[in-house]
Amino acid sequence: MPTRWDDIATMTPISSSGGLQSALPFNTASTVVRTPDATLATVASASTRVALGQPALAANSTVYTQTGAIDDPLSALMTRNVRTGAGNPFQDLGAALLGRFRTDGGNYAQSVTAPGVPSQTGSDSALQSRLRLQADNTVSLRIGTASGAKVEISLARGQEGLAVQIDVTDGTLTEDERNAIAALSGAFEDALDGLSQVPPRLDIAGLADVDASVLSSVNLRAVTRADGVAVQTIEFQADSGQRSVTYSGPAGEVSVNVDLSKPATFGTAEQQAAALSKALLQFDSAQRRGNGDEALMAMFKSAFSAVHGSYGAALAERSQPAGTVVRVPASESHRALLSGLADYSASIKQESKSGNPARLEEVDGFSMRVSQSSKVTGRAGSNLAITQDQQSALDASFHKPLSPHETLALSTDKSSQNYLYYQVKDATSSRTELAYERGGLTSASVTHSRNLSMQISKFVGGERVEYTVIPTVDTVTHDLLPMLRAAQLDGQEEDSRQPRDQTEAILRRRYHDLANSVAALNQG
């Protein structure tokens, strides 16, 4: 049974001398340089072990030339990374490993010892086993295929060296499946490059963009350990029905989940892009209002963006010839009244701390939750009914100096206790309700509610001298039917002498103008 690397230790890079570097993802890499395989043969050393086209940990694995140059370019890449102490210990390996599937769909294993580590005797699986158990950095990419075969690509970096492994189980890969896996080479490499940044960047959109008819699921998991303790975990999962990203690290936690099971609510590619752009601006606004951590929010935004790419209409339209205008049928014009995005639930929670040693109850923290849920009943062209709810909640508290020109340095000394303490509690919601009767839209409305509160306490010499509450409470309901009728999405008043492609373009533009107007109402 091939060894699985589900929960092995993970990612802390090793310097060229073999010592530990930062405990955060890999290490900072300012420049990534792709090195052609042919130029790497001369960097391989006699400390490399390779197993080709055999069970992953085969004992009789392989060989290098008398000059010390290993025939396999993968081992040359690994040796280069170990010797140079690359900021990304897996630089170029993700693309190379998946690239193998163009010609080979079998198991594979390889390991390279770190500089200064004595070559080990015994079976070729010995170093693989030790790295699997003692690695500081690990990444695994699991791929499910339509035929039922499963593939796991594992990479591990520890003080003793670097190891990679490919396990193919539960069947044999078809040519289409091998090619689809190889096509993910660039996306996997982008993900590894993003993880090497400090703080890490979630560049995983490419892994979500797969042909579900060939590859049924994709799962990426990366873990970082320091002194044997996991300090950071990142996981991405995607299949035809859902996508999710979770992150846990020193700065806090991020979670994003998307439900792809209700295509009746999806908008066009432009509508999705516009909705996503507006959501990211709202997240930035919340971060500023709640004084949240910019790096953690950037990770949340990249995760939210990644899981909302290439699905529904956006994916279908991409398959059309360039320049093709795909108009939403008048019978589905209700899509312009919805957000255009698939349902989701997402949260970001910053690591809280007591920001004032003299008042431990005054906590600095930031958390935000956002969600969308849709209920679809009936059937299109008859009695379709859709209810879509969006909600957001912000809970934050933080300390600020009395003047922007002052530096906050709170201590138990009363003379330092001059500051402003903010407490933010915001909640917003919107509900869109649409109903058809006999194929005609008979009602459409959106109700937007806000309940915002910012409390500001001013302290001088440790005494609260001022307390301010800034509330905002309102609820507004809009009837969307007049807007829909004014948009004239059925095209009945168009000049029949006008070329069809121009007519389609005009109607599509009207659709997006309507969608943007409705989105503006939801922002309040």
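Predicted model: local features only at pLDDT ≥ 70, side-chain atom pairs only at ≥ 80, totals over all residues.
Local features require pLDDT of at least 70 and side-chain atom pairs pLDDT 80 or more, while totals for chains, interfaces and linings use all residues. Residues are numbered from 1 along each chain as its sequence is written, and side-chain values use heavy atoms, without hydrogens and water.

| Pocket | Volume | Lining residues | Nonpolar / polar / charged |
|---|---|---|---|
| Largest pocket | about 900 Å³ | 37 residues | 18 nonpolar, 15 polar, 4 charged |
| Second largest pocket | about 280 Å³ | 13 residues | 6 nonpolar, 5 polar, 2 charged |

A pocket here is an open set of points on a 1 Å grid over the protein atoms alone, where a 1.4 Å probe fits, with protein on both sides within 12 Å along at least five of seven lines, and lining residues have an atom within 4 Å of a point. Helix 7 supplies the largest share of the lining of the largest pocket, 10 residues, and Gln282, Ser392, Thr428, Asn522 and Gln523 lie nearest the centre of that pocket.

Leucine 452, in strand 15 (residues 440–460), counts as buried because its relative accessibility is 15%, buried meaning under 20% relative accessible area with a 1.4 Å probe and protein chains only. Beyond its neighbours within four places in sequence, leucine 452 is in contact (heavy atoms within 4.5 Å) with residues including Arg289, Thr428 and Ile470.

Helix 8, a DSSP run (H or I, at least four residues), has 10 of its 14 residues buried, among them Phe300 and Phe304.

Definitions and conventions
Buried < 20%, exposed > 50% of the residue type's maximum accessible area, 1.4 Å probe, protein only. Helix = DSSP H or I, 4+ residues; strand = E, 2+ residues; numbered from the N terminus. Points joined across faces, edges and corners; volume = space filled by probe spheres on them. Nonpolar A, V, L, I, M, F, W, Y, C, P; charged D, E, K, R; others polar.
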